[in-house]
Amino acid sequence: MLELEPKIENYELAFHLFPELAEEESVKKFREIEESVIQLGGTVLASREPKKQHLSYEINHKKYSFFGTLNFKAPTETIAQLESQLKLNDSILRFIVLKIKENARYLKSLKESSPRTKTKTYTPPKPEDKPTD
């Protein structure tokens, strides 16, 4: 029988770590996540180390978390294994693994992105005070 080569796709992993972790611990946990991707046959394309951020809404009664992302290539059959490993990781609040298109632009650091431009709104001129007769 012919063996088919595993189909390799591009993925993005975004995750929130518990805010109680120290900065060094969050980086250590991030390295562990990278290592688990590599052990499953993936290659890391781009990454952003976790930084503490205020959450728009609470996750498990937490107002802050360490948020990080990881872009990688991996065989499609290993993604289920990666997700089960991430579910068992007790330092992860929440995560999501997305399949991204081949030609999608990769992660930019926050410093590289341009600030939002403010839109101007129209305010009508104030009517001048007229004396009343």
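A contact here means heavy atoms within 4.5 Å. Among contacts in the chain between residues at least 6 apart in sequence, 74% join residues at least 24 apart. This is a predicted model, in which local features need pLDDT of at least 70, side-chain atom pairs count only at pLDDT 80 or more, and totals for chains, interfaces and linings use all residues. Residues are numbered from 1 along each chain as its sequence is written, and side-chain values use heavy atoms, with hydrogens and water left out.

**Overall**
- The chain has 2 helices and 4 strands, being DSSP runs numbered from the N terminus (helices H or I, at least four residues; strands E, at least two).
- Their order from the N terminus is β-α-β-β-α-β.
- Of the 133 residues, 32% are buried (under 20% relative accessible area, with exposed over 50%; 1.4 Å probe, protein chains only).

**Helix 1**
- Helix 1 covers residues 23–39.
- Its buried residues are S26, F30, I33, E34, S36 and V37.
- They lie on the same side of helix 1, because their arc around the axis is only 160° (taken from the directions from the helix axis to the C-beta atoms).
- The face turned away from that side carries the exposed residues E24, K28 and Q39.
- Cover for the buried residues includes strand 1 (8–17), strand 2, strand 3, helix 2 (79–88) and strand 4 (92–100).
- G41, which follows helix 1, has a positive phi near 95°.

**Strands 2 and 3**
- Strand 2 (residues 43–59) and strand 3 (residues 62–75) pair antiparallel over 10 bridges (pairing requires at least two DSSP bridges).
- K52 is opposite F66 in strand 3.
- The two strands form a hairpin with 2 residues between them, and N60 in the turn has a positive phi of about 50°.

Conventions: Expected span 1.5 Å × (residues − 1).
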